[in-house]
Amino acid sequence: MAVSPPVCAFGWPAPDFKLPAADGKTYAFSDIQGPRGTVVMFICNHCPYVLAILDRLTQDAKALQALGIGVVAICANDAQAYPEDGFAQMADLAERAGFTFPYLH
């Protein structure tokens with residue numbers, strides 16, 4: 001196990017993607033990226049750590065977007081194995097939390 005995490009490779013070009021979102025649309029990276037950078041978060045509905053910081057996550061995302069930074073959240077879980085991570089539940093969480101960014105699967 002590493003005693004210190006590796007430093008992020010800032011400036012690395014993100015690969016393009018097209019993923020469906022909880023709002024019924026499909027987004028590509030080019031739809032999300034901001035002129036001053038992009039934050040990609042991997043979250044899910046049932047994670048206790050995500051739920052514990054949900055208000056702060058939403059506030060920070062709004063602040064970053066105001067600075068010209070694109071924000072997106074991606075749930076990579078299998079909704080069959082984790083039904084609480086299905087599209088309907090994702091849409092509900094995004095609405096309740098006030099997401100101002102796409103929540104992709």
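**View 1. Arg56 and Asp60 join their side chains in a salt bridge, 3.0 Å from N to O.** A salt bridge here is a side-chain nitrogen of Lys or Arg within 4 Å of a carboxyl oxygen of Asp or Glu. This is a predicted model, where local features need pLDDT of at least 70 and side-chain atom pairs count only at pLDDT 80 or more, while totals for chains, interfaces and linings use all residues. Residues are numbered from 1 along each chain as its sequence is written, and side-chain values use heavy atoms, with hydrogens and water left out. Why do Arg56 and Asp60 sit about one helical turn apart? Because they are 4 residues apart in helix 2, which covers residues 48-66. Helices (H or I, at least four residues) and strands (E, at least two) are DSSP runs, numbered from the N terminus. Arg56 is exposed, at 55% relative accessible area, whereas Asp60 is partly exposed, at 33%. For these words, buried is under 20% relative accessible area, exposed is over 50%, and partly exposed is in between (1.4 Å probe, protein chains only).

**View 2. Asp92 and Arg96 form a salt bridge too, at 2.9 Å from N to O.** Side chains of opposite charge can pair when their charged atoms come close. This time the setting is helix 3 (residues 87-97), where Asp92 and Arg96 are 4 residues apart and so about one helical turn from each other. Asp92 or Arg96: which is exposed and which is partly exposed? Arg96 is exposed, with 60% relative accessible area, and Asp92 is partly exposed, with 39%. Searching the whole structure turns up 2 salt bridges.

**View 3. Here's the largest pocket, with about 240 Å³ of space in it.** Rolling a probe the size of a water molecule over the atoms shows where empty space is left. A pocket is worked out on a 1 Å grid over the protein atoms alone: it's an open set of points where a 1.4 Å probe fits, with protein on both sides within 12 Å along at least five of seven lines. Grid points are joined across faces, edges and corners, and the volume is the space filled by probe spheres set on them. Which residues line the largest pocket? They are Cys8, Ala9, Phe10, Gly11, Trp12, Ala14, Phe29, Thr38 and Val40, each lining residue having an atom within 4 Å of a point. That lining splits into 7 nonpolar residues, 2 polar and no charged. In this count Ala, Val, Leu, Ile, Met, Phe, Trp, Tyr, Cys and Pro are nonpolar, Asp, Glu, Lys and Arg are charged, and the others, Gly among them, are polar. Take Cys8, one of the lining residues: Cys8 sits in the segment before strand 1 and is partly exposed, at 49% relative accessible area.

**View 4. Look at the cysteines and you'll find 0 disulfides in the whole structure.** Cys47 is in no disulfide, and its nearest cysteine sulfur, the one of Cys44, is 5.0 Å away. Cys75 is in no disulfide either; again the nearest cysteine sulfur belongs to Cys44, here 5.5 Å away. To count as a disulfide, a pair of cysteine sulfur atoms has to be within 2.5 Å. Cys47 is buried, with a relative accessible area of 18%, and Cys75 is buried at 1%.

**View 5. Ala21 sits in the loop between strand 1 (18-20) and strand 2 (26-28).** Contact means heavy atoms within 4.5 Å. From Ala21 to Val7 it's 14 residues in sequence and 30 Å in space, C-alpha to C-alpha.

**View 6. Leu64 belongs to helix 2.** Leu64 is partly exposed, at 27% relative accessible area. Its contacts, not counting residues up to four places away in sequence, are Val39, Ile69 and Val71. The C-alpha atoms of Leu64 and Leu54 are 15 Å apart, with the two residues 10 apart along the chain.

**View 7. Ser30 is in helix 1, residues 29-32.** Ser30 is partly exposed, with a relative accessible area of 48%.
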